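Welcome, and please take a moment to look over the protein shown here. The report after it walks through a few places, one at a time.

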Amino acid sequence: MLAIPVPFVVSLLLVIAAMLLYLKLGQSGMKSILFALLCAICTSVVGLRWTFDLQMLRFIQPILASILPVAAWYCFARAHHTKPPSRWHWCWPFVIAACSFNYQIWPQATDIVLIALYVGYGGALIRSSFTMPEEVRLSNVERVIMAERTAGAMLLFSAFIDSALSFDFVVYNGDHAAFIISLSYLVLIPMVVIAVAIVGFSTLQNHTETTSESTRILVSDADRQTPESPTQSKSQMSDQDATDIMNKLDVLMIEKASFRDPDITLSRLSRQLGIPAKQVSIAVNQIRGENISKVINAYRIEHAKVLLSTTEDSITDIYLASGFQTKSNFNREFLRVTGQTPSAFRALSESPS
């Protein structure tokens with residue numbers, strides 16, 4: 001039957017994807033690589049479960065399924081904060097194991113907990129995507145946010161699939177289960193793996209204990225410098241405080257040209273300013289009406305405009321010197337900020353007035 005081998009095909013593709021990720025990212029992308037391999041194992045178990053119907057696989061499959069949303073959450077949470085997420089998240093596989101091995105007492109327990117798990121983590125990913133990730137290269141922020149929302153949507157889709165499976169077993173005795181499983185794994189797993197791979201490409205991995213300690217010291221100092229009043233909204237600060245932070249950011253960009261660092265993140269920017277990352281993000285949004293990624297790109301574009309007007313450097317050399325990593329991103333941002341392509345801007349600046 002065509003539906004049966006689909007999980008095996010997806011599993012093979014995921015193993016190949018893990019190998020390609022390792023070749024591209026090496027040790028720095030280990031979380032994404034391990035996640036792809038975990039998904040490959042899960043899809044293999046699904047295929048074996050529906051091909052041979054081994055009793056043990058009925059218990060192992062939901063346990064592995066419960067690890068996926070936790071692992072996805074862990075990968076994205078690491079992009080938002082320097083501090084690793086709490087380990088209590090990993091208690092869920094043990095809860096599912098307890099439900100699976102006590103199936104006869106409460107047959108629906110495993111399905112209910114799994115559905116709640118995927119809904120909870122799917123919703124959490126979508127909710128967290130509306131906050132600025134601190135450990136992601138600012139040039140890749142928009143892509144990571146979209147990947148996080150996609151991963152959250154796919155987890156919610158998985159909860160819907162689990163509900164459909166439960167309904168199929170109750171009403172149709174599982175006649176459509178193989179098709180539903182195959183369809184879900186064909187769509188769900190690859191999409192989540194792609195999303196996790198994107199965050200793996202975009203998240204810096206070189207954190208050390210010294211860096212973490214210095215971050216805590218700077219954040220503590222900044223909290224004393226710019227305290228929040230008890231009545232002040234957590235998503236807003238006074239105009240004066242926001243203006244002061246933006247002035248400091250302008251000085252940093254002019255004197256240090258930090259925007260030229262292609263690996264600059266909100267967390268790094270926060271340490272350079274000595275101001276908590278959340279306050280920097282709020283101030284930029286409040287004063288400029290844009291996120292920090294677009295503001296940093298605007299500094300880069302201004303620098304590129306100077307180079308285009310005053311040098312004969314190639315456009316490739318200019319976008320690399322301005323902090324961009326790819327020509328496509330440079331062209332897109334240049335057009336957004338100036339309304340012109342880099343080539344058109346250079347040609348206009350060279351023409352006699």
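## A walk through the model

Leaving out residues up to four places away in sequence, I126 touches R149, G152, A153 and L156, where contact means heavy atoms within 4.5 Å. I126 belongs to helix α5, residues 109–128. Helices here are DSSP runs of H or I with at least four residues, strands are runs of E with at least two, and both are numbered from the N terminus. With a relative accessible area of 26%, I126 is partly exposed; buried means under 20%, exposed over 50%, and partly exposed lies in between, using a 1.4 Å probe and protein chains only. I126 and A151 are 25 residues apart in sequence, and their C-alpha atoms are 8.1 Å apart in space.

Before going on, a word on the source: this is a predicted model, in which local features need pLDDT of at least 70 and side-chain atom pairs count only at pLDDT 80 or more, while totals for chains, interfaces and linings use all residues. Residues are numbered from 1 along each chain as its sequence is written, and side-chain values use heavy atoms, with hydrogens and water left out.

At the start of α12, a side-chain oxygen of N291 comes to within 3.1 Å of the backbone nitrogen of S293. N291 sits in the loop between α11 (277–288) and α12, and counts as buried because its relative accessibility is 16%. Leaving aside residues up to four places away in sequence, N291 touches M132, E142, V284 and N285.

Helix α12 (residues 292–310) also packs against helix α14 (residues 327–338), at an angle of about 90° and with axes 10 Å apart. The axes are lines fitted to C-alpha atoms, for helices over the stretch in contact, and angles run from 0 to 180 degrees between N-to-C directions. The two helices are therefore roughly perpendicular to each other, a label for angles of 65 to 115 degrees. On the α12 side the contact is made by K294, N297, I301, A304, K305 and L308, and on the α14 side by F330, E333, F334, R336, V337 and T338.

E333 of α14 counts as buried because its relative accessibility is 7%.

| Side chains joined | Polar contact |
|---|---|
| N291 and E142 | 2.6 Å |
| E333 and R336 | 2.8 Å |

One last stop is T43, in helix α2 (residues 30–52). T43 is buried, with a relative accessible area of 0%.

Key:
Angles under 35 degrees count as roughly parallel, over 145 as roughly antiparallel, 65 to 115 as roughly perpendicular and the rest as oblique. A polar contact is a pair of N or O atoms within 3.5 Å; within protein, one must be able to donate a hydrogen and the other to accept it, and residues adjacent in sequence count only if both atoms are side-chain atoms.
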